Amino acid sequence: VYTNALAAGADMYVSFEGAPAVACGKGNGYFDVVYENLALKFASQAALYNVLKTTGTKIPQTETGMSCLRDAVGNVCLQFVRNGVLAPGKWNSPQTFGDPETFKQNIQDNGWYIYSTPIALQSQSERESRVAPLIQCACKRSGAIHEADLIVILER
């Protein structure tokens, strides 16, 4: 059962010589990665919704208005850094957006980068439809440690 559960990617609450533990299988991807991805997605959607629907006045279709939306997503990213899902680090993917140097520096310093297409580049039809320019967010996962090797050297 244990081997099959690990192969399927199921997390199990087990006891190893009386010590309770969680055994994580990676067969279909780690559960925490799936859960954290969904949590980040839903938290970001809720943050944008809250800005759009609970602001007491209109959000101007300007860079200041876009800053409100980017800040909302940034607050979500900061929360996910605090809870250990995201972390500052080196961006290893060739995929970037916005200014590549600013992108990499923000990932290195914060663990995330948020960019929106400038309002000045927005099409007239989007402006008339009151649609915000695309907002993009790149995040660096903190990862997790599940194994460790140890070498002990003893001398007489």
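**Pockets, surface and salt bridges**

Arg 130 lies in the loop between helix H5 (124-129) and E4. Helices (H or I, at least four residues) and strands (E, at least two) are DSSP runs, numbered from the N terminus. The model is predicted, so local features need pLDDT of at least 70 and side-chain atom pairs pLDDT 80 or more, while totals for chains, interfaces and linings use all residues. Residues are numbered from 1 along each chain as its sequence is written, and side-chain values use heavy atoms, without hydrogens or water.

Arg 130 has a positive phi, near 60 degrees, and is not a glycine. Arg 130 counts as exposed, because its relative accessibility is 73% (buried is under 20% relative accessible area, exposed over 50%, partly exposed in between; 1.4 Å probe, protein chains only). A second residue with this backbone feature is Glu 17, whose phi is positive at about 50 degrees although Glu 17 is not a glycine. Glu 17 sits in the loop between strand E1 (11-16) and E2. Its relative accessible area is 88%, so Glu 17 is exposed. Most residues other than glycine have a negative phi.

Arg 130 also belongs to the lining of the largest pocket. This pocket holds about 370 Å³ of space. A pocket is an open set of points on a 1 Å grid over the protein atoms alone, where a 1.4 Å probe fits, with protein on both sides within 12 Å along at least five of seven lines; lining residues have an atom within 4 Å of a point. Volume is the space filled by probe spheres set on the points, which are joined across faces, edges and corners. The lining of the largest pocket comprises 16 residues. Nearest the centre lie Leu 52, Ile 59, Pro 60, Gln 61 and Arg 130. Helix H2 (31-54) and helix H3 (63-82) are the elements that give two or more residues to this lining. H3 provides the largest share, 3 residues. By class, the lining of the largest pocket contains 9 nonpolar, 4 polar and 3 charged residues (Ala, Val, Leu, Ile, Met, Phe, Trp, Tyr, Cys and Pro are nonpolar; Asp, Glu, Lys and Arg charged; the others, Gly among them, polar).

The second largest pocket has a volume of about 180 Å³. Its lining includes Tyr 2 and Leu 6. Ala 23, Cys 24, Gly 25, Lys 26 and Tyr 30 also line this pocket. His 146 and Glu 147 complete the lining. The lining of the second largest pocket has 5 nonpolar, 2 polar and 2 charged residues.

The surface carries a nonpolar patch formed by Val 34, Leu 38 and Phe 42. Patch residues have over 30% relative accessible area and no salt bridge; nonpolar side chains (Val, Leu, Ile, Met, Phe, Trp, Tyr) are joined within 5 Å, like charges within 9 Å. Together the three residues expose about 270 Å² of accessible area (Shrake-Rupley method, 1.4 Å probe; for residues, only the protein chains shown count as cover). Phe 42 is part of helix H2. With a relative accessible area of 48%, Phe 42 is partly exposed.

The whole structure contains 2 salt bridges (a side-chain nitrogen of Lys or Arg within 4 Å of a carboxyl oxygen of Asp or Glu). One joins Arg 141 to Glu 36, with the closest N and O atoms 2.5 Å apart. Arg 141 lies in the segment after strand E4 (135-139) and Glu 36 in helix H2, so the pair ties together parts that are 105 residues apart in sequence. Arg 141 is partly exposed, at 32% relative accessibility. Glu 36 is buried, at 19%. The side chains of Glu 63 and Arg 70 form another salt bridge, at 3.9 Å from N to O. Glu 63 is partly exposed at 36% relative accessibility. Arg 70 is also partly exposed, with a relative accessible area of 21%.

Two C-alpha distances relate sequence to space. Asn 28 and Lys 53 are 25 residues apart along the chain, and their C-alpha atoms are separated by 37 Å. Asn 28 is in the loop between E2 and H2. Its relative accessible area is 62%, so Asn 28 is exposed. Asp 109 and Lys 90 are 19 residues apart in sequence, with 9.2 Å between their C-alpha atoms. Asp 109 lies in helix H4 (residues 100-110). Asp 109 is partly exposed, with a relative accessible area of 48%.
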